[in-house]
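Trainee: I have a model open and would like to learn how to read it. Could you take me through a few features, one at a time?

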Amino acid sequence: MSDDTIRLVTVGRIIRRRRRLLTVLAVVGALVGYGTSLLFPPRYTTSASVLLPGAWEERELLTQSEIATSSVVVDRAAAALDWSGVSGRELRDQVSAKASDGNIIKISGTADTPERAQRLSDQVAQQYVTFAARIAGDNTDPEATAGPEALRKMVMQTSRRITDLAEAADPGQTVESVQGRTELEKLRTTLQEAMDKLDQADPATNKANMVVMGPSARPTGEAPPTRMQLIVAGALMFFLVSVIGHLTAARVSRRLRTEPEIAAALGSALLGTVDVPGERPAHRPEDSALRPRIRRLLGLDIRWDVPTPQTSGDEASRQIRYRRVCARLRDQLPAPRRLLVVVPDGDEIARRAAGQLVAEAGSDLLLRVVGVSVTQPMMPDRDNESGALVVLSAGSWTAGELAGIAEACADAKHEVVGIVLAGTVWTRPTRSAGRPRDAATPALAVGDDARGGSG
């Protein structure tokens, strides 16, 4: 799988064959999320809105947001709330403000209870409006204060002068007098409109008219992340990490899966492939330890990184494959035809295939099954055997492990005459249950005898 593209079918195979392990890890992740929620008390958040009348630029609104959460405003709110053990510095981390559409500043407060969150946001909003009004009223620049006031006085004087001129004009109904009175009235209207715009554009007036748009709503639920969110996030994280871990392990795996790679590692030719009916590994007496039991409980005793076994034909079609391998051995070996059948320890599929080969060999081809450890391979010295036949399953061993088996055979002066690959297949159901069972029993019995002989 190291060179294969990760597809959804691969992920589905992981979930299907490792569902027990993934379920346990998801439960562990949920417990971790629950434990994390106990370390952080629940938090509640609510917001109060402050309306800023008039025309405001975006940068001015950002400045007002900073003012709303400034230390002066928050310290005043902390003094007004007078909560035991809570200072303004601690409240700064619980208060935020942002400008929204419509010249509205939303001030949010977070606390450990809904009541305190509501009081905090309302108090900060009130202190912000008060502080902004104070800034607008405390303009200490004499020229900035006197300029608009002098302009207002000049406008009022000009308006009175226009009235005097209009009254002193010729009260007759001549065209010139009517036009003069009309122009004076237009001038007075223009001055009044300019004065109204000046009053509306006065920053002090705008800031003094800030309004809190009602009290904040009392929160009815916790602020994220809630306890349930932490539990779900923990379970999901452990689940995804487990799946990604399986995929990563498969990508970096160095186990050989193709026939040319296996043949090159053992330095011999492939004689054929045989099928072994799929079944769960048998529980052996030596597997009574805790670790094997845990592996069986979590489903780790079943390989997930091998394709789903294909459906096989009947027992006769499977025996043909074994007979063809035996026929190739007879043609290749001189008499007497004695061979060691080398099976790596732990390869249950290869062990069952070797037992079936022994059963199909006949009297003119004597096979003796020998188990060899891949970590410390050791072969018996050569007696009168013509060589060694390696039987193994694909995707179970690395090139180094197979090279170690080949070196052990060479050290014991056993020539590797061939390789047989064993694969798992599903057997088709049949109505005559007695015949397949009778046909399969000798193969299993011979395999068990062969294993006992190798011990």
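**A charge over a ring**

Mentor: Let's start with R116, which lies over the face of W83, at 4.0 Å from the ring centre. A charge sits over a ring if NZ of Lys or CZ of Arg is within 6 Å of the ring centre and within 35 degrees of the ring normal. Before we go on, this is a predicted model, where local features need pLDDT of at least 70 and side-chain atom pairs count only at pLDDT 80 or more, while totals for chains, interfaces and linings use all residues. Residues are numbered from 1 along each chain as its sequence is written, and side-chain values use heavy atoms, with hydrogens and water left out.

Trainee: How many aromatic pairs are there?

Mentor: In general, a pair of aromatic rings is described by the distance of the centres and the angle of the planes. Rings of Phe, Tyr and Trp (its six-membered ring) pair if their centres lie within 6.5 Å; planes under 30 degrees apart count as stacked, over 60 as edge-to-face and the rest as tilted. By this rule the count here is zero.

Trainee: Now sheets, please. What is the order of the strands in the open sheet of four?

Mentor: Strands of a sheet pair through backbone hydrogen bonds, either parallel or antiparallel. Two strands pair if DSSP finds at least two bridges between them; strands (E, at least two residues) and helices (H or I, at least four) are DSSP runs, numbered from the N terminus. Here the order is β2-β3-β1-β4, with antiparallel pairing. β2 (95-100) and β4 (211-212) are the edge strands, each pairing on one side only.

Trainee: Which residues face each other across the strands?

Mentor: Begin with β1 (residues 44-51) and β3 (residues 104-111), which are joined by eight bridges. T45 has T110 as its bridge partner, and S49 stands opposite K106. On the β4 side, β1 has two bridges, and V50 stands opposite V212. β2 and β3 are joined by six bridges, with K98 partnered by K106. These two strands form a hairpin with three residues between them, and G102 in the turn has a positive phi of about 85°.

Trainee: Where is W397 placed?

Mentor: W397 is in the loop between β9 (388-393) and α15 (399-411). Its relative accessibility is 11%, so W397 counts as buried. Beyond its neighbours within four places in sequence, W397 is in contact (heavy atoms within 4.5 Å) with residues including R254, P344 and L402. The C-alpha atoms of W397 and P344 are 9.0 Å apart, although 53 residues separate them along the chain.

Trainee: Which side chain makes a polar contact with that of W397?

Mentor: The side chain of D347, at 3.1 Å. A polar contact is a pair of N or O atoms within 3.5 Å; within protein, one must be able to donate a hydrogen and the other to accept it, and residues adjacent in sequence count only if both atoms are side-chain atoms.

How values were computed
Buried < 20%, exposed > 50% of the residue type's maximum accessible area, 1.4 Å probe, protein only.
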